[in-house]
Each structure stands twice: as C-alpha cells, then as structure tokens.
Amino acid sequence: MRVLFWNINGVARDVAQDKLKELIRDFKPDVFGIAEPKVPCSAGFRYGLLREGYSSHVINNASSSGIANIWVCYSNTLNISIVNVSKQGITVEVDGVHVSFVHASYIQVTRRSLWQQLVSSGDGIPWLVIGDFNCILRLDEKKGGLEPRTSAINEFSDWLDDNNLFEADALGNSWNMPISGSFDFIFTQKLKRLKGIIKEWNLRVFGNVHSRLKQDQLRFEAAALLSDDNPDDITKLNIMKDAMAKLNDTRAQLNTMLKQKSRNKWLVEGSSNTNFFHNSIRIRRSPNTISELVDSAGNTISDYELLRNHVVHYYEDKFNGPEMEIDPILFDYGHISISEEESLAMDKFHLLRRLNKQFLI
C-alpha cells in the first residue's frame, strides 16, 4: 500500500491541481491526504478523482463552524473505514492498517489535543502517521523564525515514544512539499536493504556524535580545571559555562539519536523483537513499582494486599506512636569554629559545585 500527503495550500489553483495530477500518476498512491485545500470539495474535483480511479467520496473534517482543512481520498478498489476525525487529524483503517493524516495546529496548547487523539491501539495493528505536525524533533529542522520551545519538542518526542512510533524516511522536501510512504517498504519488504542503510547511517551519525561528545567533555574538564584554579576569574568561569552548555547540547543530540536507534531496531526486527517492548515496559514501570518488601522479622512480602497493609501500618507506627524524649545534653556540645577565611573558601567551593550541577542537569 502506498500513501501520499501534501499540504497543498489551496487546491483551487490550476498549478496545484496540475501538480496533484502529476503526483497521482507518478506515485499511484492507494490513499492520499491533502491539507489546507481552502475550499469546499467541488463536484469537478470529485469527477476528476473518478477519472483517475479513485472514489468520489472524499473523507474530510468539515464542521458547522468552517470548511475542512484535511481531505482523504482513496482508490475505488479499497474498503476504507473512519477510525476518528478531528480538526487536526483524520485516522482511517485500510485492509487492517491504520493511517492517520495530520495537519496540526501551530499553537502548542491546541496540539496537545492531537497527541491525546492519536494513541496507539496497542493490539499490534500497523500504524502510519503522516502529515504536517507544525513541530520538530531537532533544532536543525528549523529554518529561521523564533527558536522553538523545548517543551513543545519534548511533548512531540514523548508522544512518539509513548506510542512506539519511529521516524521513517520520506520522499520529497520539507515545508509544504509532498511526502509519501509505502507500507510495503516500511512493514514487510526490503528489510535487508533497510537494515544495511540503517547500519551505515548509525555508523556515520553516531560515530560523529560520540567523537564530538568526547571532545566537548575534554574541553569542559580543561575549562573547569582552569576555573577551579582561579575561582574569582569571571572570564574563566564563563568559558567553563559555555563549554558545559555545548556539552549538554551534544548529550541531548545523542539521547535523541539513541531513541531513534531503538525505533530503527524495531523497524528491522519487527514484532519478533519482543525484548524491545518488554524492556521498554519494564523500564517505564520499574521506577514506580514496589514488587516486594522485607518486614522487621525478615519475611519477604510480595502479595499486593499484604504490601499495601504493611506500608500503611509502618507509617502509622512511625508517625502516630509516642513522642520520644530527647536528652537536652545532646544540644549542649561545644566545638571549634572555623575561621572567616576558611568559611569564605568553602562558600566559593560550594558555589562552583552548584553551578556545575546546574549545567550538568
């Protein structure tokens, strides 16, 4: 199955209609989506679909408050059903596969409803999400304009992770140019070739990032040593801060690529890679789960009800018991005080430690 998407930015224009016909005839998509048609779907457009072998029924998200901003067209040989529709996305099911066409809002708060709408069913149904997300995963994807918010990038990345989605390659350029994807390529065929491509890409990109990470780490350590030798030198402190900022950027890039690599691993090995899913679930659940405890008698408790009762009784005994008597002599203890110079030196040391910890985070 072949899928195409284009933010056409006005379907009534002759040049846009000619380009759309060219794309349909070149790529022969089974299903294609159009964003921002800016006009109601006309009888002439439906007739043109029939001539090209597509159904005259165009799935859209028009409402009483406005015209549709997404059209979904499909071959007249397909049986297609609608899964969900919203102002920012349309999801359909085709031959046991879910396809979501997205035209996300440019407002971050509004986009959050899209992330809530687009959620994996979790039942192993293949899922392709394609469209204009009005958001990026990496800073190098942004050209000009205001710098994107880190929170928006994190929300987009978390949504991908939560739904076990990976970023697939697309044909075409960015910024309102057509993109296409094929399930034959993504899910079933050409995996050996894809595995080789991924391996080569990992060696090239990961190798460069690891090399930069080592260089940035050494640069920061050298700057930190110079700053430690002269704590009062503001210039050296600023050099250390700049080196730490660069190091943090490289670490963030590496973390993003590691996430991408894990998705590529699933792409190559498919559903047979059960370790990927089990490990992901285990990692996410383990920090928030208490599986067993040992009581004061040395007995291990693993039953859920017994664990809950044990925790409740423990804190009831701890905080509701009799108050302990504290011997006043414990507070009557004299010690030798440090000098004022030693106190100032310790303050500078702790200040540097706090700065280092801040930039490391």
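A: Buried means under 20% relative accessible area, exposed means over 50%, and partly exposed lies in between (1.4 Å probe, protein chains only). By that definition Phe156 is buried, and so is Trp159. The model is predicted: local features need pLDDT of at least 70, side-chain atom pairs count only at pLDDT 80 or more, and totals for chains, interfaces and linings use all residues. Residues are numbered from 1 along each chain as its sequence is written, and side-chain values use heavy atoms, without hydrogens and water.

Q: What makes the rings of Phe156 and Trp159 a stacked pair?
A: Rings of Phe, Tyr and Trp (its six-membered ring) pair if their centres lie within 6.5 Å; planes under 30 degrees apart count as stacked, over 60 as edge-to-face and the rest as tilted. Here the centres are 6.1 Å apart and the planes stand at 20 degrees, so the pair is stacked. Ring pairs also link Phe156 and Trp159 into a cluster with Trp115, Trp127 and Phe133.

Q: Why are Phe156 and Trp159 about one helical turn apart?
A: Because they are 3 residues apart in helix H4. Helices are DSSP runs (H or I, at least four residues), and strands likewise (E, at least two), numbered from the N terminus.

Q: What makes strands S6 and S7 a pair?
A: Two strands pair if DSSP finds at least two bridges between them. Strand S6 (residues 89-94) and strand S7 (residues 97-103) have 6 bridges in the antiparallel sense, so they pair.
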